[in-house]
Amino acid sequence: MRPASVLRSMVLDDLPIVLGWRNHPEVQRYMYTQHEITSTEHRLWFKRLQESPLEHPLVLEAGAERLGYARIHIVDQLAGRAEWGFYRAPEAPRGTGSDLCASVLQHAFGQLGLHKIWGEVVSTNEPSVALHRKLGFREEARLRDHYFDGDKYQDSLGFGLLESEWCKNLGVQ
């Protein structure tokens, strides 16, 4: 039996494994930045995140095994609105994406006290589209030809979830 998963802040020791996930073809193909990220670029990116109180890079782990990465970027503190993005380790077991996202949303609406989470998904990323819908997100936008995969343009979908909707999904009033 796998140990219970825990969401925690990303640390410097996580950089190599998260970079490996980010550059994996199954993750990279749905990212707006299509080139292979270098370790120098990755370190500079993490340094910028660490310096901002509006950035919350997170890692999901079970025991010593890291299973996924997520980022919450607070766009408007007063309104409690944030963007998010996430990916699971390509070799992570089935269900990890759902566990990761549920943990991140609990953190966002609980510890961070946010009102709304927003995310963009490439329309052809069917597993992510389905996961957003399963979690209670509503499609709020279709951004036409918003994503170029190096060959063709694709739409991106904007999904939003309010804290009240998340609580209702959990059965909390």
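This is a predicted model: local features need pLDDT of at least 70, side-chain atom pairs count only at pLDDT 80 or more; totals for chains, interfaces and linings use all residues.
## The largest pocket

The largest pocket holds about 1600 Å³ of space. Its lining counts 40 residues. Nearest the pocket centre lie Val-27, Met-31, Gly-85, Phe-86 and Tyr-87.

Strand 4 gives the most, with six residues. By class, the lining of the largest pocket has 17 nonpolar, 12 polar and 11 charged residues.

In soluble globular proteins, nonpolar side chains tend to be buried together. Here, the largest nonpolar core has 39 residues. Helix 4 gives the most to this core, with six residues. Leu-105 and Ile-117 have the most contacts inside the core.

Take Ile-117, leaving aside neighbours within four places in sequence. Ile-117 is in contact with Ala-82, Trp-84, Leu-105, Ala-108 and Phe-109, among others. Further contacts of Ile-117 include Phe-137, Phe-159, Gly-160 and Leu-161.

## Asn-23

Asn-23 belongs to helix 1 (residues 15-23). The relative accessible area of Asn-23 is 14%. Buried means under 20%, so Asn-23 is buried.

Which residues does Asn-23 contact, leaving aside its neighbours within four places in sequence? They are Gln-28, His-35, Glu-36 and Ile-37.

Notes: Residues are numbered from 1 along each chain as its sequence is written. Side-chain values use heavy atoms; hydrogens and water are left out. On a 1 Å grid over the protein atoms alone, a cavity is a set of points where a 1.4 Å probe fits but cannot get out, and a pocket is an open set with protein on both sides within 12 Å along at least five of seven lines; lining residues have an atom within 4 Å of a point. Grid points are joined across faces, edges and corners, and a volume is the space filled by probe spheres set on the points. Helices (H or I, at least four residues) and strands (E, at least two) are DSSP runs, numbered from the N terminus. Ala, Val, Leu, Ile, Met, Phe, Trp, Tyr, Cys and Pro count as nonpolar, Asp, Glu, Lys and Arg as charged, and the others, Gly among them, as polar. A nonpolar core is a set of buried Ala, Val, Leu, Ile, Met, Phe, Trp, Tyr and Cys residues joined through side-chain atoms within 4.5 Å. Buried means under 20% relative accessible area, exposed over 50%, partly exposed in between (1.4 Å probe, protein chains only). Contact means heavy atoms within 4.5 Å.
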